[in-house]
Amino acid sequence: MKPPPFSSSSSSVFRKARLSPYLFTLLAFILFVAVLYGEDLMCIFGQQLQLSPNSDPLVIRTGKKREKLPFAIGKSEEGCDIFSGRWVWDESNRPLYEESECPYIQPQLTCQEHGRPDKDYQKWRWQPHGCDLPSFNATLMLETLRGKRMMFVGDSLNRGQYVSMICLLHSLIPEDAKSMETFDSDSRTVFTAKEYNATIEFYWAPFLLESNSDNAVIHRISERLVRKGSITKHGKHWKGVDVLVFNTYLWWMTGLKFKILQGSFDDEVKDIVEVPTTEAYRMAMKSMLRWVRRNMNPKKTRVFFTSMSPSHGKSVEWGGESGGNCYNQTTPIEDPNYWGSDSRKNIMGVIGDVFGKSKVPITFLNITQLSSYRKDAHTAIYKKQWNPLTPEQLANPVSYADCVHWCLPGLQDTWNELLFAKLFHP
């Protein structure tokens with residue numbers, strides 16, 4: 001039986017639908033949205049990389065296509081959490097380099113040069129439970145970075161990890177084939193391995209967003225202020241990077257509230273609001289993820305976020321005497337359940353919530369717990385002091401001990417071993 005032909009009334013209905021002003025308006029609106037938000041829609045529906053939950057961890061899915069994570073050469077051991085473990089004494093394999101052999105370490109981190117009497121802090125190796133970290137292979141890292149850029153973005157703690165990475169690599173490069181330069185009013189530091197056409201860079205952005213602390217040299221501001229929605233101010237310097245390592249935490253820790261600028265720093269009358277610090281931090285995390293989604297190609301690049309670096313300013317937190325801190329500490333904390341201050345838990349909760357809801361491909365380097373054990377690894381008093389010490393300070397070293405930054409070589413070399421593991425063995 002032949003299907004019945006369209007009736008003339010049906011044809012007239014379709015003609016009317018095609019000419020309907022409502023339908024025309026709808027189609028015009030859809031076209032407008034597609035043009036305006038085409039990049040974002042492509043990220044969401046077509047290009048966004050997603051980890052495959054039930055398949056090879058080296059494989060990613062872009063739409064229906066399965067691809068290998070950039071730079072991956074192998075798997076991590078099944079069920080291995082490299083961030084959960086213990087510190088073991090390893091005098092035969094630590095340190096990975098000598099302080100005196102790496103001229104790139106800032107005087108704020110050269111603890112031996114500034115009189116630290118022991119080297120025990122250099123001899124501890126991180127041992128994950130039930131598995132091993134792959135050995136750091138400097139040759140592999142340099143060959144992988146051939147023709148590429150690696151950049152660390154954040155505060156002085158991320159700069160310490162950046163310098164550690166250079167110290168781990170530079171001995172393989174002839175003296176006349178490497179250089180270190182600064183650009184953009186010292187905001188960007190660039191180490192170049194000339195024969196590899198590779199750069200390892202650091203960019204100063206302690207909040208990632210634009211702030212009143214963006215001067216890389218003079219940034220001690222009593223009332224810190226961050227401009228909402230301003231990540232592109234710094235982000236323009238990150239474009240074209242192949243391996244990007246973010247951090248931001250310490251500079252947010254000024255109290256329970258944080259001031260946010262809603263207009264411009266150039267405004268004569270500034271629109272400033274005060275919000276809970278956790279919400280201000282959440283704003284920064286969302287801005288970072290949005291920037292990565294819009295600017296980093298998941299087929300060719302890798303992005304990492306390093307979690308909070310802990311401080312050890314109160315020895316009572318680990319069962320020590322009242323009034324003490326990291327000064328004179330020479331051994332790690334042995335209590336596997338030690339965590340530290342509640343503020344870290346609150347910020348870690350924000351990170352977990354924001355990252356958990358996002359499908360933007362960022363690898364999380366959870367260095368917080370393993371670093372919390374290392375009360376012995378801080379620079380304390382063994383660093384360059386920018387201001388002359390008073391007689392009162394000299395009489396009480398605890399009063400001026402730096403329990404935030406870390407000696408090199410030391411703990412931050414482990415952070416780069418973890419970065420190495422996640423880059424090549426995701």
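## Ground rules

Here, buried means under 20% relative accessible area, exposed means over 50%, and partly exposed is anything in between (1.4 Å probe, protein chains only). This is a predicted model, where local features need pLDDT of at least 70 and side-chain atom pairs count only at pLDDT 80 or more, while totals for chains, interfaces and linings use all residues. Residues are numbered from 1 along each chain as its sequence is written, and side-chain values use heavy atoms, with hydrogens and water left out.

## S135 on the outside

Let's start with S135. With a relative accessible area of 62%, S135 is exposed. You'll find S135 in the loop between β5 (124-128) and α4 (138-144); helices (H or I, at least four residues) and strands (E, at least two) are DSSP runs, numbered from the N terminus. S135 and L418 sit 283 residues apart in sequence, yet their C-alpha atoms are 9.8 Å apart in space.

## The nonpolar cores

A nonpolar core is a set of buried Ala, Val, Leu, Ile, Met, Phe, Trp, Tyr and Cys residues joined through side-chain atoms within 4.5 Å. The largest one has 100 residues, and M141, I200, W238, L244, F246 and M288 have the most contacts inside it. Helix α7 (residues 277-295) gives the most to this core, with 9 residues.

Take F246: setting aside neighbours within four places in sequence, its contacts (heavy atoms within 4.5 Å) include W238, M288, W291 and F304. There's also a second, separate core of 10 residues, with C111, I381, Y400 and C407 among them.

## The disulfides

Counting a disulfide as a pair of cysteine sulfur atoms within 2.5 Å, you get 4 of them. Number the bonded cysteines in sequence order and the pairing reads 1-4, 2-5, 3-8, 6-7.

C80 and C131 pair up with sulfurs 1.9 Å apart, and their link is right-handed, with 55° about the S-S bond. C80 is in the loop between β3 (65-68) and β4 (85-89) and C131 is in the loop between β5 and α4, so this pair ties together parts 51 residues apart in sequence. Both C80 and C131 are buried.

## Back to the second core

C111 is joined to C407, S to S 2.0 Å, in a left-handed link with -90° about the S-S bond. Because C111 lies in the loop between β4 and β5 and C407 in the loop between β17 (402-406) and α11 (411-424), the pair ties together parts 296 residues apart in sequence. C111 counts as buried, at 0% relative accessibility, and C407 counts as buried at 0% too.
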